[in-house]
Amino acid sequence: MKMNWKMMLPAAMAVVALSAFVSNEISMTLDRETSVDSLGACQGVSRQGNRIFLYGDREVGMIREYRLDHDTLVYLNKQIKLTENGQDVIGHPTGIAYNGKDPVFIGNSVRLNKEGTAWKAVIYNVNWEGLQKTGTLDGNLINTIDDDACIQGTRPEYVKYNNKWYVATADYGNKANEVRLYDPEKLATCKKTSEPGVLVKKFSCSPWVQNLHWIADKGVLVLIQNQIEGRKWRFTYVDMARSLEAGQMQVLKQVDIDKRADELEGFTFLDKTKGIAVTSSRKNNVNYTTTIW
């Protein structure tokens, strides 16, 4: 059988390009440490265009908006209390899934016992624009979803797989951890993530995942982790497509930053190399990083 080399060439080049990327070294440096107050224990960071949202568990769940002025976050005097009728609803926010066009989801992971063996994970479908206008969940809570397909906790983040958007989430514990992809349309209206068609694909991953960050132009998912429970920084760069096909995470690079022993909670890139990492500490909870690809 005669081979059509012209047809095979693009595929071959794609494999070479992927192999070259996988073999590249990824390094990260911690450039500067700063402190941001009034968040309680900061649980994560969401960048939406040139807007930056930090969220934490103050006396109630809290989201505050900032803008980046050169290399400093400036608070815009805008905050959201994650309450309804004055009652704390999302007391421990663990992720904001936002892509600018699909439903917006906020995660809430609640420890039910001090041993950390029992958790309740809830995902909320919210009216994001209304939430920013009114500053509370009143009238802006569209649907409450029991994330019973999870193993331990939830931390939603939009990712793209096979040209379709999904909501990815992951577990925090040290047993049978997974990254799972949910169909956003079904997730928006379901009552439980175990309902048929909500969970689309998944892969196993290493423990202590605090948050997820999707790098769209590289097809890379960053697992924002602790090296041990509640302590020390770890960033695991994963080829998401290959991980989903294999059913197990395919690691491009694991980066540990041993300079810091506190609890890394969230991370986002600001551009191709600069990023912000946040921790639950009261001091030095917002940190500026550089990643070299």
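Strand β16 gives the lining of the largest pocket its largest share, five residues. The space inside amounts to about 600 Å³. Its lining comprises 29 residues, and those lying nearest the centre are R47, E157, H213, W214 and T268. At least two lining residues come from each of β2 (42-48), β8 (93-97), β12 (157-161), β16 (209-215) and β20 (264-269). Sorted by class, the lining holds 15 nonpolar, eight polar and six charged residues.

The mean pLDDT of the chain is 91, and 91% of the residues reach 70 or more. Residues 1-23 are another matter: pLDDT stays under 50 throughout this stretch, and the model has nine contacts for it beyond four places in sequence. Where pLDDT is low, the predicted coordinates should not be read in detail.

Strand β8, one of the strands that supply the pocket lining with at least two residues, also contains T94. With a relative accessible area of 4%, T94 is buried, because that value falls under the 20% cut-off. Beyond four places in sequence, the contacts of T94 include Y55, G107, N108 and S109. T154, R155 and P156 are also touched by T94, as are Q210 and N211.

In soluble globular proteins, nonpolar side chains tend to be buried together. The largest nonpolar core has 30 residues, among which F105, V179, L187, F203, L221 and L223 touch the most other members. Two or more residues are given to this core by each of β12, β13 (164-170), β14 (178-182), α3 (184-189), β16, β17 and α4 (240-246). The largest share, five residues, comes from β13. A second, separate core is made up of 17 residues, including L30, V220, L252 and A277.

L223 sits in strand β17 (residues 220-228) and counts as buried, because its relative accessibility is 0%. Leaving out residues up to four places away in sequence, L223 is in contact with V179, C205, V209, N211, L212, R234, F235, T236, V238 and M249. By contrast, R58 is 165 residues from L223 along the chain, and their C-alpha atoms are separated by 25 Å.

Most residues other than glycine have a negative phi, and most peptide bonds are trans. N163 has a positive phi, near 65 degrees, although it is not glycine. This residue occupies the loop between β12 and β13. N163 is exposed, because its relative accessible area of 74% is over the 50% cut-off. W208 likewise has a phi near 65 degrees, again a positive value in a residue other than glycine. Its position is in the loop between β15 (199-204) and β16. In contrast to N163, which is exposed, W208 counts as buried at 12% relative accessibility.

Notes:
Residues numbered from 1 in each chain as written. Predicted model: local features only at pLDDT ≥ 70, side-chain atom pairs only at ≥ 80, totals over all residues. Heavy atoms only, no water. 1 Å grid on protein atoms, 1.4 Å probe; cavity = no way out; pocket = protein on both sides within 12 Å on 5 of 7 lines; lining within 4 Å. Points joined across faces, edges and corners; volume = space filled by probe spheres on them. Helix = DSSP H or I, 4+ residues; strand = E, 2+ residues; numbered from the N terminus. Nonpolar A, V, L, I, M, F, W, Y, C, P; charged D, E, K, R; others polar. Buried < 20%, exposed > 50% of the residue type's maximum accessible area, 1.4 Å probe, protein only. Contact = heavy atoms within 4.5 Å. pLDDT = per-residue confidence, 0-100. Core = buried A, V, L, I, M, F, W, Y, C linked by side-chain atoms within 4.5 Å.
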